Amino acid sequence: DRHMGDCMMVIYGSPVSHTDDAVRAVRSAMDMQQAARSVSEKLGRTNGFTLTVGIGISTGDVVTGVFGSLRKREFTAFGMAVNIAARLEKMARAGEILVSEATYREVPEGFTVEKIIPDMRVKGLKEPISIYRIIEDNAGRPIHPLQDNDSQFD
């Protein structure tokens, strides 16, 4: 959808939805983490710094369309799922993929996940939400978050 500073927003299911959009999103996130690790290794060898990526994914109803003014219009999405994904992205440590409970419910059979405690409070919602960390997919492809003391360049 768009690139904002050091963030990207990626939308699955618009304009055409699929029954496995949540799975597609998580698999894409895993591919992004793998690519980021590869780039990071090269950067570390040649420039002495690393690249890290934290990813947040949420599933839910959103409003999509072309919005803006006469001078600038762009396709984007609005809704609570977008807000939750943005907050999960901010929470995610280097190398982590965090998903909302709605996303978790769509992919439990295909991925090993870990529930994060405590639940997270999100502005605009009365109750805290459950958050899950993706550990690996059903093919055994693991996620390898960097440790807190690892060098990182966000």
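Predicted model: local features only at pLDDT ≥ 70, side-chain atom pairs only at ≥ 80, totals over all residues.
Residues are numbered from 1 along each chain as its sequence is written, and side-chain values use heavy atoms, with hydrogens and water left out.

Let's start with the layout. You'll find three helices and eight strands, taken as DSSP runs (H or I, at least four residues, for helices; E, at least two, for strands) and numbered from the N terminus. Along the sequence they go β-β-α-β-β-β-α-β-α-β-β. Count contacts (heavy atoms within 4.5 Å) between residues at least 6 apart in sequence, and 61% of them join residues at least 24 apart.

Now pick out helix H1 (21-47). Its 27 residues reach 37 Å from first C-alpha to last, close to the 39 Å expected at 1.5 Å a residue; that expected span is 1.5 Å times one less than the number of residues. After H1 comes Gly 48, with a positive phi near 80°.

Which residues of H1 are buried? They are Asp 21, Ala 22, Ala 25, Val 26, Ala 29, Met 30, Gln 33, Ala 36, Ser 40 and Leu 43. An α-helix has 3.6 residues a turn, so residues three or four places apart point the same way. The cover over the buried residues of H1 includes S3, S6, helix H3 (101-106), strand S7 (111-120) and S8.

That takes us to the largest nonpolar core, where Val 26, Ile 57, Ile 97, Val 99, Phe 111 and Ile 134 touch the most other members out of 13. Such a core is a set of buried Ala, Val, Leu, Ile, Met, Phe, Trp, Tyr and Cys residues joined through side-chain atoms within 4.5 Å. Two or more residues each come from H1, strand S3 (55-57), strand S6 (97-100) and strand S8 (129-137), and H1 gives the largest share, five residues. Zoom in on Val 26: neighbours within four places aside, it contacts Ile 57, Val 99, Thr 103, Phe 111 and Ile 134. Apart from this core lies another, of nine residues, including Ala 92, Met 120, Val 122 and Ile 129.

Conventions
Buried < 20%, exposed > 50% of the residue type's maximum accessible area, 1.4 Å probe, protein only.
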